[in-house]
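Welcome! Take a look at the picture first, and then we can walk through it together.

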Amino acid sequence: MTVKYFATIRDLTREKERRIDGRPGDLRELLTQLAERYGRPFRRAVFDGDGLHGEIIILVNGRNVRHLRLLDTPLGEDDEISVFPMIAGG
Amino acid sequence: MYGWTGTILRIDLSSGKVTREALDPQVARAYIGARGLGGHIIRSEVDPKVDALSPANKLVFATGPLTGTFAPSAGRYNVVTKGPLNDTLAASNSGGAFGPELKYAGYDAVIVEGKAAKPVYLWIKDDAVEIRDAADVWGHTVPDTTDLIRAATDDEAKVACIGPAGEHQAMIANIMNDMHRAAGRTGVGAVMGSKNLKAVAVVGSGSVNVADPEAFLAAVLKGRQMIFDDPVGGTGLPAYGTEVLVNILNQVGGLPTRNWQDGYFPNADKTGGEALAAKQLVRKKGCFSCIISCGRVTKVDAPGFEGIGEGPEYETAWAYGADCGVDNLDAITKANYLCNEYGMDTISAGSSIACAMELFQRGIVTTKDTDGVDLSWGNDKAIVEMTRKMGEGDGFGAKVAQGSYRLADGYGHPEYSMTAKKQEMPAYDARAIQGIGLNYATSNRGGCHVRGYTISHEVLQSGGFADPHVTEGKAGLGIAFQNLTAALDATGCCLFATFGLTGAQLVEMLATLTGFDYTLDEFLEAGDRIWNQERLWNLAAGFTKDNDTLPTRLLEEPLPSGASKGHISKLGDMVPEYYAARGWDENGVPTKAKLKELSLKA
C-alpha cells in the first residue's frame, strides 16, 4: 500500500509518500507503525489518546475514514492512504 | 445610527447629479447591509428584465455594518447589480481595504446609475464627490489605473476599477480593488464599463459608531480568538492559503479535469499550495482586519512567465491547472497575474479556456479559429497567450472572454460549457460531492461555491461531517449554509471568518455594534430573507425551475477515474426536498406563507 502526506504533515514526515511493504491489517496498525517511524510529533498529530485525532483527515482510497470505520478501517495491499491536516479554502 | 453610517450616496452619471439619502433603520435591520442591502436596492429600483448593460441597470457598492470595524476579517464590500454574464441578481464580494474606506467616507452604499457620456471616474473624499474625466486612464491596466488615479487624487486613496476587459464589456470582466482583490463573478466589470465608469477612488476620515463599545470589544476579541484557535482559520489557511485544497480534492476524486471530463488529475501536486509555498511564495498577505492572511504574494522567475503579484487562489490554480490539463504552476500564476491586470474573473477565464480546449479536442474549432493558438490540453503557453487575447479583446480571445456558454453555444455545442445558469462552476466536481451540486444548481448567481460551501462538511470535516457520496440530508445542509452565508455576507465579514467564528459570536458582535437586539434566529432569518429576495428577483427576470440544473455531463457521464469513479450527480433526488424545505412550491416559487414569514412582497 502507499501512504501519501500533504501540507503540514509533510513537515513531520519529510517525505511526500511511502510505500508500505508489510500488511498492517487496519488503520490503527498502520498509524502505529508510522508513528514509530516519524516520532512523537506525528503521533500527536494523528492520535488523541487511543482514538483518531479530531484535527486529522485520513482518506482510504479517497474515502474519509470517518465515513468508514475510523481506526478500525481494514486495509488491503493495493490501498492508497492520504493524510491531511485540517485545511480549507474556496 | 450605530454600525451603519446611515447615508446612501446616489450618483447619476447621465446627469452628473449627486444626492444623498438616509438609510431606513428598519431596512438596515432586516437586510443588514452589503449583499442584503444592495439586493434590496436593486430589487426596489431595477426592472429585472432590463438589459444588464444598458443605462437602466444600476451598480451598487455596498458595505456592511461590521465593515471597517476591527471585527475579524471585516473588510468586505459587495458589488450588486444585474449581472450580464447570466442575468441573475449579482452580488460580488471583495476584501482588501476599499470597503472600509468607503465606510469611513460616510457611506453604507453608493448607487451608480445612468451612463456617462465619456469615460469618467469617481473621486470621493468624505462629503466631497466629483465625477472626473477618465480620458487619461481609459485603456490602462488595473495596476496602472490605480497608480494614475492615486497620483491625481491622494496617495492613500483606495481604488476600485476595471481593466481593459471591463472597458470592452467582456462578460467575465470583474472589478478589482486595491490592485489585487476582486469582486469577481457574474461580469460586474462589464456593467461598470457599460456606464463609462473606469474607477471609484475614495478617502474617508470618519469612523464607525459603536453602540456598546465595551461589549463590542469583548465580543470581537473573543471572535478573533475563536479563529486563532481553529485548526483551519488559525493554522491551515495561514500556512498554505486556499491553494492547499488542490490535493485533497484530487484525492477524493473531485478535482474537475480537462473541462470536467474527469475528476482526477495525476499531476495535481505540482499545482498545489505545497508547490506554491516551495517555489513562488514571497509572503502572506491579509485584507483589512484579518488575522488569517490567506492571500499569497508570489513571484515567478521562469522564462516566459515572469512576474510578481498575488495569487493564485485554489479556484484559479484549478481553473488554469487541472481544468486545462496544465501542470506548470508558473504558467498558471502568470495567467492569474494577467487576469488581475486586465480585470477578469479567474474562475470563468480559466474555465472558458478549458471549454475552448474541449472544442479544440473535438475538432469543433481549429487553429484557423483560434488565431493560430494550439489549444491542446496541457499547453502552458497557450493559457497565458489566450488570457492575454481575452484581456485585449483580440480575435478568438474576445469570444472566450464572453464566457464558456456564449462561446460553446456560438459553435452549436452549449453542452461543453460547464456552467450553472451560464456561470462557470468552480473547482469541486458535483459527481464526487453531491451537496455542492445542489448548491450550484440552486445558487442565485449561478455556478458558485461561496453561496453554500457544503464542502466544509462533505470534504474538509470542518464544523461537521457529511458523506459526499450520499444525497440524504443535503437539502437541509445546503440551505443552512446558504442562509448563514447570505447573512454573513451582509455583515461585511469574510466567509473565511467562519473557520472558527460561530454564528452566535457573529451575532454578538453585530448586536453590540448596532444596538439592535439581534438573536441568532433573527440573523438566520435575515439570511433566508436575502436568499428569497434574490430568488424572487431572478424569477421575475425570467428564470424558472428548469434553470435549477447542472450540465448534462454531470448528470449522465460517470467519472471515468479517481476515487469517485463511476459516480454521477443525483441532483434530481435532492431538488424537490430542497424546494419543500425552503418553503417553495413544486415550481421553486416561494409560497405566500414563506413571503409572509419573511415580510417580503412577491
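Let's begin where the two chains meet: across the interface of chain B and chain A, three salt bridges are found. Please keep in mind that this is a predicted model.

**Where chain B meets chain A**

- One salt bridge joins the side chains of A:Arg10 and B:Asp269, with 3.1 Å from N to O.
- Polar contacts link 11 residue pairs between chain B and chain A, counting pairs with both residues at pLDDT 80 or more.
- On the side of chain B that touches chain A, the elements giving two or more residues are α8 (231–240), α9 (245–251) and α11 (314–320) of chain B.
- Of these, α8(B) gives the most, with six residues.
- In terms of contacts, 33 residues of chain B touch 26 residues of chain A.
- About 2300 Å² is buried between chain B and chain A, and carbon and sulfur atoms give 60% of that area.

**Helix α7 of chain B**

- Helix α7 of chain B covers residues 213–229 and includes B:Phe216.
- B:Phe216 counts as buried because its relative accessible area is 2%, under the 20% cut-off.
- Beyond neighbours within four places in sequence, B:Phe216 is in contact with several residues, among them B:Leu66, B:Phe70 and B:Met509.
- B:Leu221 is also in helix α7 of chain B, but B:Leu221 is partly exposed, at 49% relative accessible area.

Conventions
Residues numbered from 1 in each chain as written. Chains lettered and ligands numbered in written order. Predicted model: local features only at pLDDT ≥ 70, side-chain atom pairs only at ≥ 80, totals over all residues. Heavy atoms only, no water. Helix = DSSP H or I, 4+ residues; strand = E, 2+ residues; numbered from the N terminus. Buried < 20%, exposed > 50% of the residue type's maximum accessible area, 1.4 Å probe, protein only. Contact = heavy atoms within 4.5 Å. Buried area = accessible area lost by both parts, 1.4 Å probe. Salt bridge = Lys/Arg side-chain N within 4 Å of Asp/Glu carboxyl O. Polar contact = N/O pair within 3.5 Å; in protein donor to acceptor, adjacent residues only side chain to side chain.
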